[in-house]
Number of protein chains: 2
Amino acid sequence: MTIPTLTDMRSAHDLIRPYVRRTPVRVSSYLNELTGAELFFKCENFQEPGAFKVRGAANAVFGLDEAQAAKGVATHSSGNHASCLSYAAMLRGIPCNVVMPRTAPQAKKDTVRRYGGVITECEPSTSSREETFAKVQAETGGDFVHPYNDPRVIAGQATCSAELLEQTDGVDAVIAPIGGGGMVSGTCLTVSNLAPETAIYAAEPEQADDAYRSFKAGHIIADDAPKTIADGLLVPLKENTWHFVSNHVTDIFTASEQEIIDAMKLTWKHLRVVMEPSSAVPLATILKNPDVFKGKRVGVIITGGNVDLDKLPWI
Amino acid sequence: MTIPTLTDMRSAHDLIRPYVRRTPVRVSSYLNELTGAELFFKCENFQEPGAFKVRGAANAVFGLDEAQAAKGVATHSSGNHASCLSYAAMLRGIPCNVVMPRTAPQAKKDTVRRYGGVITECEPSTSSREETFAKVQAETGGDFVHPYNDPRVIAGQATCSAELLEQTDGVDAVIAPIGGGGMVSGTCLTVSNLAPETAIYAAEPEQADDAYRSFKAGHIIADDAPKTIADGLLVPLKENTWHFVSNHVTDIFTASEQEIIDAMKLTWKHLRVVMEPSSAVPLATILKNPDVFKGKRVGVIITGGNVDLDKLPWI
């Protein structure tokens, strides 16, 4: 276990600044009235590849020495980490190999390829993924960048809330969706150091509530094949992210599928941004727990905006 | 005819600053590659009521003296002007009366009422609208704020490109959708004075191309019942907007319904913002006229983001 520090976050921020956007913070009087809170939405969906994961990916990619960089990076992911790592590797001009289940959506594969990522398909099972990835890594020598359990990745994600704190002059609470815990860990790293009085909440789908159950139990519990519309939040915590979640998270709230869809539509309508179902989970839980947030200044991380526009969940 | 000046724009900007957002400018490497231009999208869809029209409305509302303010404002509109004027009037705490066709979408009526606007319904014909509006105005004494032919409104809309010029450090061209010409006139007012070397383009649906035909003919031509998905662009030019369009616009381009829908979906997908069909017309014409824009820095006004999320045109 390697726990990144505030210094790692600051180095990451300096390193990735040319490649990553300082995304805007958006507000909505309507949503403030609705929740009774003052909400500051940090729009990571406005990153070029559409997700906060470009921060951690860029920190890993641009931190490699020349020898390793020549061999490139490698990962397994069927989501935003795959496209963000490909994007960062493209910016540095180095190879990126991605192992993806053959059943992954065509659009996700297209995005990875558009950024120059090379896809090796595996069967949609853990054993096939691990076997295929080991082979790809052995052949290419690519540096493994885990989607969230990598300290370089966590330090990169931590830069997001450093910006949020600056842009808002501080908040009473921050809330972010939780899957593997990369964004939440980065938030913990920055906020617990720079604004220790600020509460840190995580938001999770009821139908993939392994982080919630882990948090309550005091040890990592993994879900057995969770199924939720918030498809960015399916993966379990790992030791590095568990460290931050167990030590620094104030509480974890959950929301139902319908509550997530309603919050997603509400944000599209009133904030007028395109965001993924995963990114709607925080607002869904704020609406569900008004007493926790009422009267507070709350930073809400909109983690990503990659969504199939032909299949919107409310239509 | 009363033509607003650069001084009017500056006074408007000082007056409305507390009530209107300085909206962000967004960029997309993907859309830049696709068009060969460097595009700067000014996101007026991020205004609280979702459209640039809050600028002109706020300038009219907050410019009233106390005696007139007590009687409030009045207008006829079935679109963004109605909700933006209601919103501005709500902020000042004065009455706003709106005449709307009874056939207007329920969502538009709901928005006006949410902001405290009082709706009087008319039949969907010019004669009924004028008759009903005359009656409402006589009864209430509300100051008539025309959706675009009002110099206060044009001076308010002109503040948008003043911000755009500051935020981009100047551009080679600006392009905005054209309906009645309020935004384009405001853009002409500011850009022709502050950046006279910058080209000013207007973009219009083929199926509502009255401004295009007026521009080519050299006099105002009104369409007979135009029909387009870009429902913010149905109205004809009037003398104040014609003044700016005929004197300062470099050229007007048109796009088909399908081209508008494609550009709208492209923007949702890659810029990840929710915008109206009307706001997609500029990008549609940029894609259609690549030689005009290639290699140029181009400001693109995203005019509004009020769209029925249950009825997206590509689904």
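I count two residues as in contact if their C-beta atoms, placed from the backbone, lie within 7 Å. Helices (H or I, at least four residues) and strands (E, at least two) are DSSP runs, numbered from the N terminus.

The model is predicted: local features need pLDDT of at least 70, side-chain atom pairs count only at pLDDT 80 or more, and totals for chains, interfaces and linings use all residues. Residues are numbered from 1 along each chain as its sequence is written, with chains lettered from A and ligands numbered from 1 in the order in which they are written.

**Entry: two helices of chain B**

I looked up where α1(B) meets α3(B). From α1(B) come A12(B), L15(B) and I16(B); from α3(B) come R55(B), A58(B), N59(B) and F62(B). I sorted this contact by class and found 5 nonpolar, 1 polar and 1 charged residues. For the classes, Ala, Val, Leu, Ile, Met, Phe, Trp, Tyr, Cys and Pro are nonpolar, Asp, Glu, Lys and Arg are charged, and the others, Gly among them, are polar.

Next I checked the geometry. Helix α1 (residues 6–16) and helix α3 (residues 53–62) of chain B pack at about 85°, with axes 9 Å apart. Axes are lines fitted to C-alpha atoms, for helices over the stretch in contact, and angles run from 0 to 180 degrees between N-to-C directions. I therefore note α1(B) and α3(B) as roughly perpendicular (65 to 115 degrees).

**Entry: the two copies**

I superposed chain A on chain B: a rotation of 180° with 0.0 Å of shift along its axis does it, at RMSD 0.0 Å.

I then turned to the contact, which takes 17 residues from chain A and 17 residues from chain B. Helix α12 (residues 257–270) of chain A gives the largest share of chain A's side, 3 residues. That side has 7 nonpolar, 4 polar and 6 charged residues.

**Entry: a sheet in chain A**

I traced an open sheet of 4 strands in chain A, in the order β5-β4-β3-β6, with parallel pairing. Strands pair if DSSP finds at least two bridges between them. β5 (118–122) and β6 (143–144) of chain A are at the edges with a single partner strand each, so one side of each lacks a neighbour in the sheet. Strand β3 (residues 73–76) of chain A pairs with β6(A) over 2 bridges. V73(A) has D143(A) as its bridge partner.

Technical notes:
Parallel < 35°, antiparallel > 145°, perpendicular 65-115°, else oblique. Least-squares fit on C-alpha atoms with pLDDT ≥ 70 in both.
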